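Subject: Structure handover

Hello,

Here is the structure I promised to pass on. Please open it first, then read my notes below.

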Amino acid sequence: MDAGRLRHRAAFARRNEDARDAMGNPAPATWAPLLTVWANFRETLGREALAAGRMEGSRTGTLRLRNSAAARGITAADRVTLLDATWEVVSPPAHVDEAGAWLELRLEWLA
């Protein structure tokens, strides 16, 4: 893939479980910026699942980005804001080429 196809801005965030309020008490977890990169996103259409006896449609997609130390640190606990929507990282980065130049992640839309 050439760099010209990296036309989507992806902003990754990681949950901060150690958040504290002004008094030092545990506060609700927040999301802290982790990494912002240019990437290529392809949405996968037509996926439906049966949940609790009813059909449930979900939006999934594949995000491809350049390999870097920061990108390899992305986990399934992180999320990404992309195309004015928030997506959950379903699978951690995987190498998709023999040279190891590209990583690919599976995403699921958070409704």
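A salt bridge here is a side-chain nitrogen of Lys or Arg within 4 Å of a carboxyl oxygen of Asp or Glu. By that rule, the count is four salt bridges. Please keep in mind that this is a predicted model. In general, side chains of opposite charge can pair when their charged atoms come close.

**R14 and D78**

Start with R14 and D78. Their side chains form a salt bridge, with 2.8 Å from N to O. R14 sits in strand 1 (residues 8–16), while D78 is in the loop between helix 1 (69–72) and strand 4 (79–82), so the pair ties together parts that are 64 residues apart in sequence. Are the two partners buried or exposed? R14 has 32% relative accessibility, so it counts as partly exposed. D78 has a relative accessible area of 2%, so it is buried. The cut-off for buried is under 20%.

**E43 and R59**

Next, look at E43 and R59. Their side chains meet in a salt bridge at 2.7 Å, N to O. E43 belongs to strand 2 (residues 30–51) and R59 to strand 3 (residues 54–66). They are 16 residues apart, and the pair links distant parts of the chain. E43 is partly exposed, at a relative accessible area of 33%. R59 is partly exposed too, at 33% relative accessibility. Partly exposed covers the range between the buried limit of 20% and the exposed limit of 50%.

**R64 and E104**

Now turn to R64 and E104. This salt bridge spans 2.6 Å, N to O, between the side chains. Again the pair links distant parts of the chain: R64 lies in strand 3, E104 in strand 6 (residues 102–109), and 40 residues separate them. Both R64 and E104 are buried. Which residues do the shared partners join into one network? They are R42, R64 and E104, joined by salt bridges.

**Around E104**

Across from E104 in strand 6 stands A94. Strand 5 (residues 85–95) pairs with strand 6 in the antiparallel sense, over six bridges.

**Where to look**

For a quick tour, begin at the R14 and D78 salt bridge. Go on to E43 and R59. Finish at the network of R42, R64 and E104.

Best wishes

Key: Residues numbered from 1 in each chain as written. Predicted model: local features only at pLDDT ≥ 70, side-chain atom pairs only at ≥ 80, totals over all residues. Heavy atoms only, no water. Helix = DSSP H or I, 4+ residues; strand = E, 2+ residues; numbered from the N terminus. Buried < 20%, exposed > 50% of the residue type's maximum accessible area, 1.4 Å probe, protein only. Pairing = 2+ DSSP bridges.
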